[in-house]
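Visitor: I am new to this structure. Could you show it to me and then take some questions?

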Amino acid sequence: MLPRYFKRFFFKTILCILGLASGLILPALSYAQTDSYWEEMQLYGGQITAISVDLQDNSILYAGSWTGDGLFKSTDSGITWTAIPEFRTRIIFDISIDPNNPSNIWVANNQLVAFSHDYGATWDDPSALGA
């Protein structure tokens, strides 16, 4: 039997691989917690192009897609995801979280590099993002 912390790491790695390969965002801990099969999360998005994990709280993840809803956030290790509306229909190229202050997030998209200083609650220029 694998230690629980190893299962969390393993399934987060699988999430990244599956997200990049198929464009689907799947619950990272579904199998480890319930011994059930993986499920599609029914989020609207294209291919997953970027994934970033908060180094101080690894239950917080961000995923960016090629169009669709653009940017997604999870606060429960990838079990559930929420679309961040300011990025709808944007192409996300990269997501960077400040390792010393994870409330600072940069998202490179096809319009600009957006910046948030409050964990993604607000962004530097929502009007430029089409909000």
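**A first look inside**

Guide: Aspartate 69 sits in the loop between strand S2 (61-65) and strand S3 (71-74); strands are DSSP runs of E, at least two residues, numbered from the N terminus. The model is predicted: local features need pLDDT of at least 70, side-chain atom pairs count only at pLDDT 80 or more, and totals for chains, interfaces and linings use all residues. Residues are numbered from 1 along each chain as its sequence is written, and side-chain values use heavy atoms, with hydrogens and water left out.

Visitor: Is aspartate 69 buried or exposed?

Guide: Aspartate 69 is buried, because its relative accessible area is 14% (buried means under 20%, exposed over 50%, partly exposed in between, with a 1.4 Å probe and protein chains only).

Visitor: And which residues does aspartate 69 touch?

Guide: Leaving out residues up to four places away in sequence, aspartate 69 touches Tyr44, Gly45, Ala83, Ile84, Phe87 and Arg88; contact means heavy atoms within 4.5 Å.

Visitor: On to rings: how many aromatic pairs are there?

Guide: There are 3 aromatic pairs. Rings of Phe, Tyr and Trp (its six-membered ring) pair if their centres lie within 6.5 Å; planes under 30 degrees apart are stacked, over 60 edge-to-face, and the rest tilted.

Visitor: Why is the pair of phenylalanine 87 and tryptophan 123 edge-to-face?

Guide: Their planes stand at 85°, with ring centres 4.9 Å apart, so the pair is edge-to-face. Phenylalanine 87 and tryptophan 123 are 36 residues apart, and both are buried.

Methods:
Helices (H or I, at least four residues) and strands (E, at least two) are DSSP runs, numbered from the N terminus.
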